[in-house]
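I opened my notebook to look up the salt bridges in this one. Here is what I asked and what came back.

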Amino acid sequence: MKKSVLRNGILGAFLALGTLVQAQESNVFLDRDFWGTNPTVEVIEQKIKEGNDPAQLNGRSFDAVATAILQGASNTNVYHLLKKEGNDVNKLTHDGRTYIFWAANKGNVELMEYLIKHGAKTDILDNHGYSLLNFAAATGQKDTKVYDLCLANGAKLTDLDHHGANALLLVSQRAKDFSTINYFTAKGLDLNTKDADGNGIFNYVAKSGNTKMLDQLIAKGVDYKTLNNEGGNAMIFASIGGRGSSNDLSVFKYLEDKGIKANVTTKNGLTPLHGLAGKSKDEAVIKYFLAKGVDVNQADQNGNTPFLNASSNNDLAIITLLEPKLKDINYTNKKGESALALAVKNNTTDVVSYLLKKKADINVVDASGSNLTTYLIESYSPRSEADFKSKLALLSANGLDISKPQANGNTLYHLALDQNHFELLKLAKQYKADINAVNAEGISPLLKSAMSSQDDVVLKYLLENGADKSMTTEFEETAYDLASENELLKANNVNINFLK
């Protein structure tokens, strides 16, 4: 029993990581630009004949159907794709959403009706707790026919997300006017409704910074000054901003003029600087909150501070504004991640260099025992390869030995296989990592690859560079044994006899 549970757990984890291949052409169906051309069915069929998989999920769990819907491809194309094996109408894609979620997001009522007619479930909650109705609302859908269809097929106005917000609150955060808000109040939702943390519609609208709507809400008598320790106040919501956007200083001054406190901390430790430090490039806004006494060292429930968020995602200019207020450059969050570790993984060389000059510890190890090498390898992307190489050179010059295995025994080869980039395997070879080293689970790079590969490219590369195919797991399974159970290899009819 122990053998089955452990091995299946390891296999499942590795399969979830996806596959790493060399020189494999990308699946054109996962390319948004392809669907932007609105190809004919004949072109789609030709691409399938060329080897493109119409059912494959990418690393973020989007597939051809979801991508086509989001790019506005014709319904004719979508209907054609839905007939392909592996594209059931209730297939789970990104964030646990089925195709009808994406159709609702695009306001494609005709496609929603088609999906429902063909068995699409309308009672599914996605990974964020959104029902179909609430997802459409949260994405700012303006077409009320979408909501009519949802309500006609089992959706309830009482549906709430993980924060206890209903459709009225969710739609208001992206609303440009009161049309959708009026739709839901006419259906019976109360303008003074609150989420589970006590936040009302004023706070939700504050996310968009739409002060004209905020004025109208005040005129309608909604509560806007209440400070609750659960969700904070409108300053917190305005600091979060919209998807990919931040509010400017005028919004925060507007809220202050309405008597709303700027220096506020929620019960979960959030301040306005937590959201702003992670994405706002507006130095005036950052200086405003610093002048109000907001603490850059304040930790949220996960131990993240504004400075950690800035080091992970923002420009050097913002980081240098926050750093003088810092108590400890080597403070770590609950995962043991320091500002330097987060910068190595997510930010640029200039930020990493700055932190090192401020005495950030290059030998930091997180709670799982991973050092900066893991974070560096996780940062690799073909699009930012030059920055990756410069970070590697900088860290090496400052004493990081990337050839040293992690606390769990993972070598550069193990880490490279996790990231699905062939160039990282070459890096492991360059740094003379032990190709036959086993990690704490007793898994060598070849054994790991045998579990997760979808073709023979990586397996043969490892063998060509000295991998020992006679090595076994603690259950005496060889790479051949593991490969013979790999469903991806089976599906692609890969001959694995070379592993015997």
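**Salt bridge notes**

I began with Asp215, which is partly exposed at a relative accessible area of 37%. I kept in mind that this is a predicted model.

Which side chain does Asp215 meet in a salt bridge? I found Lys258, at 3.7 Å from N to O. The pair links distant parts of the chain: Asp215 sits in helix 13 (residues 211-219), while Lys258 lies in the loop between helix 15 (249-257) and helix 16 (272-279), 43 residues apart. Lys258 is also listed as partly exposed, with 26% relative accessibility.

Next I ran the search over the whole structure, and it returned 17 salt bridges.

I then looked up Glu45 and Lys84, whose side chains form a salt bridge at 2.6 Å, N to O.

My next entry is a pair within one helix. Lys389 and Glu385 meet through their side chains in a salt bridge of 3.5 Å, N to O. They are four residues apart in helix 23 (residues 385-397), so about one helical turn separates them. For Glu385 I noted 24% relative accessibility, which is partly exposed.

Last, I checked for shared partners: Asp95, Arg97 and Asp126 are joined into one network by such salt bridges.

Terms used
Residues are numbered from 1 along each chain as its sequence is written. This is a predicted model: local features need pLDDT of at least 70, side-chain atom pairs count only at pLDDT 80 or more; totals for chains, interfaces and linings use all residues. Side-chain values use heavy atoms; hydrogens and water are left out. A salt bridge is a side-chain nitrogen of Lys or Arg within 4 Å of a carboxyl oxygen of Asp or Glu. Helices (H or I, at least four residues) and strands (E, at least two) are DSSP runs, numbered from the N terminus. Buried means under 20% relative accessible area, exposed over 50%, partly exposed in between (1.4 Å probe, protein chains only).
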